Amino acid sequence: ALNGYVSLHYEAKHMSWLHSFWGVGATLGPMIMSFFLLKSSGWRSGYLVISLIQMTIVALLFLSLPLWKRFNQEEASSTKEVTQNTVKKEKNVYKIPGVKLAITSFFAYCAVEMTTGLWGASFLVRIHNIQNDIAARYSSLFFAGITLGRMLTGFITLKYSFKTIIRGGIFSMFTGILLLSSGIQVLFIAGFLLIGLGCAPVFPGMIHETPERFGKVYAQTIIGIQMAFAYMGSTFSPAVFGFLAGKGFLPYFPGYLLLFLMVLLGSTESINLLIKRKEEKIKASA
């Protein structure tokens with residue numbers, strides 16, 4: 001819901017900064033828990049602190065409800081042309097050209113992101129005999145890259161479109177995966193960092209482009225479907241690789257990432273081509 005709301009009412013920089021704070025939370029959460037695990041109060045105090053943070057977020061959401069309603073009122077007055085037939089068509093959003101490609105791109109992106117985050121350290125320890133603590137530091141650069149990259153992307157969107165930035169992100173991920181394939185330890189640092197920096201603009205960028213790609217009427221519904229497929233990619237792809245790793249395929253970790261990256265590239269570029277053809281038809285008819 002929040003992704004859909006921001007994509008409809010705010011600029012690309014706001015979407016990128018919104019997602020950069022995912023990285024902040026992903027970093028602070030384990031830090032908070034590890035701090036309390038070292039104390040006599042143990043994990044319960046850590047959970048209490050996390051729950052208080054969640055309650056604060058809920059309170060902020062309630063306090064911000066007037067802002068949400070203001071946008072809804074403005075939207076209602078400007079979208080009277082949305083008929084009953086248009087609403088019914090939302091049930092068939094899968095038939096809209098490009099939607100299947102979009103959900104494929106979300107699945108593929110999250111497959112790359114989560115597999116890197118969950119199996120990167122294991123790849124370094126088991127295949128390259130790097131010590132556990134050093135491997136953890138290297139793989140943490142991946143999350144640092146995502147957080148830093150999304151903060152920087154907010155400023156980059158002031159000059160470049162998300163379409164261009166996403167292409168740059170995919171190229172950065174490709175370069176990072178190649179560095180992981182090199183077998184040279186010093187390059188692993190740059191590899192994880194580049195994959196993280198490359199991941200940074202892709203997810204918020206594809207979310208923000210949804211109303212532009214498929215129209216505002218369908219945006220909220222399609223974003224919900226995209227998020228569902230994103231979490232499917234996050235859930236199943238690392239699990240499948242875990243199964244393969246148990247069968248001796250852990251050395252092929254970079255290749256597994258590259259496979260999904262190629263799917264991501266193919267699906268996003270296919271959507272761009274569809275949109276370009278659609279715009280050319282509109283211009284020709286005008």
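## Arginine 150 and its surroundings

Apart from neighbours within four places in sequence, arginine 150 is in contact (heavy atoms within 4.5 Å) with Ser16, Trp17, His19, Ser20, Trp22, Tyr109, Glu113, Cys199, Ala200, Phe203 and Pro204. The residue belongs to helix H7, residues 132-156; helices here are DSSP runs of H or I with at least four residues, numbered from the N terminus.

## Basis of the model

The model is predicted, and local features need pLDDT of at least 70, side-chain atom pairs count only at pLDDT 80 or more, and totals for chains, interfaces and linings use all residues. Residues are numbered from 1 along each chain as its sequence is written, and side-chain values use heavy atoms, leaving out hydrogens and water.

## Helices H1 and H9

Helix H1 (residues 2-9) packs against helix H9 (residues 185-214) at about 60°, and their axes are 9 Å apart. Axes are lines fitted to C-alpha atoms over the stretch in contact, with angles from 0 to 180 degrees between N-to-C directions. H1 and H9 are therefore oblique to each other, a class for angles that are not under 35 degrees (roughly parallel), over 145 (roughly antiparallel) or 65 to 115 (roughly perpendicular). Asn3, Val6, Ser7 and Leu8 of H1 meet Ile207, His208 and Pro211 of H9 in this contact.

## Helices H6 and H10

The axes of helix H6 (residues 99-128) and helix H10 (residues 216-249) cross at roughly 40° and come within 7 Å. H6 and H10 are therefore also oblique to each other.

Methods
Helices (H or I, at least four residues) and strands (E, at least two) are DSSP runs, numbered from the N terminus.
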